[in-house]
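Visitor: Could you take me closely through one part of this model, namely its pockets and what lines them? I would like a careful, connected account.

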Amino acid sequence: MKTTHYFIERCLALGKQAAEKGNSAVGALIVKEDSIISEAEEAVKTKNDITCHAEMEAIRQAVKTLMTNDLSDCILYSTHEPCIMCSYAIRFYKIKEVFYLQQSKYLGGVSSALPLLTTDHVPPGWSNAPNINHVKEDS
């Protein structure tokens with residue numbers, strides 16, 4: 001069984017690739033049953049599209065790969081705390097657990113005044129809040 005450290009290290013490698021292309025150094029992946037279903041790097045600048053955060057790109061790929069909008073048996077790993085846009089998608093697609101390394105300075109889905117990842121004030125049909133895990137650098 002792969003560890004959290006294994007998946008976070010992969011996210012860091014993806015983030016490094018993103019930075020080398022001029023994007024923010026963010027990488028994310030979706031895991032199901034200990035297997036990586038999708039992985040993505042930040043592509044906002046290279047695609048000139050603000051919605052191309054690494055988490056959004058990984059979710060898009062997972063939905064396409066699994067051919068479902070229900071990712072309730074999946075886990076998201078990211079180098080960074082998902083922003084509120086990404087948090088909306090995480091909740092909408094019912095991702096059950098989120099691991100992230102660095103806390104967001106602004107508009108984080110956990111740490112901001114708009115804690116979309118943890119609030120119970122969401123539309124009917126959305127999932128319960130996912131389990132949230134802020135990974136420490138030495139984990």
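**The pockets and their linings**

Guide: In this predicted model, 15 residues line the largest pocket, and those nearest its centre are Ser-24, Val-26, Glu-42, His-53 and His-80. A pocket here is an open set of points on a 1 Å grid over the protein atoms alone, where a 1.4 Å probe fits and protein lies on both sides within 12 Å along at least five of seven lines, while lining residues have an atom within 4 Å of a point. Because the model is predicted, local features need pLDDT of at least 70 and side-chain atom pairs count only at pLDDT 80 or more, whereas totals for chains, interfaces and linings use all residues. Residues are numbered from 1 along each chain as its sequence is written, and side-chain values use heavy atoms, with hydrogens and water left out.

The lining of the largest pocket divides into 5 nonpolar, 5 polar and 5 charged residues, where Ala, Val, Leu, Ile, Met, Phe, Trp, Tyr, Cys and Pro count as nonpolar, Asp, Glu, Lys and Arg as charged, and the others, Gly among them, as polar. The space in the largest pocket is about 290 Å³, a volume being the space filled by probe spheres set on grid points that are joined across faces, edges and corners.

The second largest pocket has a volume of about 170 Å³. It is lined by 13 residues, with Met-1, Val-31, Asp-34, Ile-75 and Tyr-77 closest to its centre. Helix H1 (4-20), strand S1 (27-32) and strand S3 (74-80) each give at least two residues to this lining, helices (H or I, at least four residues) and strands (E, at least two) being DSSP runs numbered from the N terminus. By class, the lining of the second largest pocket holds 5 nonpolar, 2 polar and 6 charged residues.
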